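Subject: Structure handover

Hello,

Here is the structure to look through. My notes on it follow below.

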Amino acid sequence: MAITKGPLSGVRIIDMTQAHAGPFGTMLLSDLGAEIIKLESPTGDLIRFGDPKVNIFNYYVLSLNRNKRSISLDLQGKLGKQAFYDLVKISDVVISNFRADVPRRQGSDFVTLKKINPQIIRCNITGYGETGPYTNYPAFDIIACGHSGILSISGDPKTNTPVIPGGIALADMMGGIYAAMSIIASLINRDRDGKGVKADVNLLDSLIFMQKVLFQNYFLGGNAPTLQGGRHIMLPTYGIFETKDGFITLSPPTGNFEMLELVGLGWMKDDPKYNNVINIFINNKEFTILLEEALRKKTTDEWLKILRDENDIPSGPVLYYSQVVNDPQVIHNDVIKEMEIKGEKYKTIGSIFNIHDSIEGEPETAPDLGEHTEDILKNLLSYSDDLIKEIMAETEAAIPRMAARVL
């Protein structure tokens, strides 16, 4: 199995990333047909817990590292460093998610690599940026969430406690997406002028950019948003509402009196407290209490039939994972795929890209650490068998040193 054709077919990327942000971004590029060489240290990616197999401990690896080939090198060793530079000569992109000073100390920075390959595109994902007072602080997803302000709006105002936004690694995923977009844009730019490009992405800016609309509201009005809970900062009828047996999501325009009529609040159109959008905003607290009371009188399915199915009012259910995977639309979209590793089948979320007549083939599962080292050195770099043995011995000898550093 492999992606045999895609918009990025013929693009070779050396992927030095680990954990979540970088691997998520390179997975997107691999789904578009790029060749991904996952360059790992002798001890492997931070999220590796043994070789990939159908096991709960490997959910990160199986989720983020499909369509990649793994080579393990000791970049502190003479042979490993030379093998890396030889790969740079025949590659299009080098991507990592190191602290800002690491590429220079490692000899993988843009200035160094451009001397080896003038057309190389070098992308590094940092926590805070390549320069500035926080540039070398350690930063993971939740730290960027806190620093960007997004945690100040994520949580239930009743408890006044921030929560992880959606329970997902939002900063990592957005950093990965913006890195992938930057690389694609850089490839297009290089095709025009033939020059290598340095592309920087950081988690802090990625999350601030995600809040662009809320920051614009703050800049114009001067009032910072607070914990949002299940409601929109400006739209009283947009959010999550409790029903008789669960929850429903609503997003009709504020002042949609058709919806208010359907939920038993049609009298509001004649009440001066609620008879237009401005008055609803002014009396938002009382309005919301009345809307909540009305919606608790029927089940979610009953409301969806009345609002969405019969009257085209934007609304939907709040589903649990067990319901999502069996939902008719999810099944129709074919977003859940089945893959196989070491003879065992497992389900995973497939590619997000539906570019018709442009992508062919099926994804390959995540590789073992260093699974393709010998193949890459032999068939891409034309190294001799003796040199390959020396490189692999150098890599293996570095494991105790690197393991001790981690501990």
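In these notes, buried means under 20% relative accessible area, exposed means over 50%, and partly exposed is in between (1.4 Å probe, protein chains only). The model is predicted, so local features need pLDDT of at least 70 and side-chain atom pairs count only at pLDDT 80 or more, while totals for chains, interfaces and linings use all residues. Residues are numbered from 1 along each chain as its sequence is written, and side-chain values use heavy atoms, with hydrogens and water left out.

Cysteines

Cys145 has a relative accessibility of 0% and counts as buried. Cys123 is also buried, at 0% relative accessible area. A disulfide is taken as a pair of cysteine sulfur atoms within 2.5 Å, and the count by this rule is zero. The closest cysteine sulfur to that of Cys123 belongs to Cys145 and is 19 Å away, which is too far for a bond. Cys145 is likewise in no disulfide.

Sheet and helices

Helices (H or I, at least four residues) and strands (E, at least two) are DSSP runs, numbered from the N terminus. Two strands pair if DSSP finds at least two bridges between them. Three strands make an open antiparallel sheet in the order 10-11-12. Strand 10 (239-242) and strand 12 (315-317) are at the edges; each has a single partner strand, so one side of each has no neighbour in the sheet. From one strand to the next, the twist averages 30 degrees. Angles run from 0 to 180 degrees between N-to-C directions, with axes fitted as lines to C-alpha atoms, for helices over the stretch in contact; contact means heavy atoms within 4.5 Å.

Strand 11 (residues 247-250) pairs with strand 12 over three bridges, in the antiparallel sense. Opposite Ile248 is Pro317 in strand 12. Helix 13 (residues 300-311) packs on the sheet, where it touches strand 11 and strand 12, and its direction is at about 155 degrees to that of strand 12. Helix 12 (residues 284-295) lies across strand 10 and strand 11, at about 55 degrees to strand 10.

Salt bridges

A salt bridge here is a side-chain nitrogen of Lys or Arg within 4 Å of a carboxyl oxygen of Asp or Glu. The count by this rule is 21. One of them joins Glu310 and Lys305 at 2.5 Å, N to O; Glu310 is partly exposed at 48%, and Lys305 is partly exposed at 47%. Asp101 and Arg105 form another, with the closest N and O atoms 3.2 Å apart. Asp101 is partly exposed at 22%, whereas Arg105 is exposed at 55%. Salt bridges also link Arg12, Glu35, Arg69 and Asp375 in a network.

Regards
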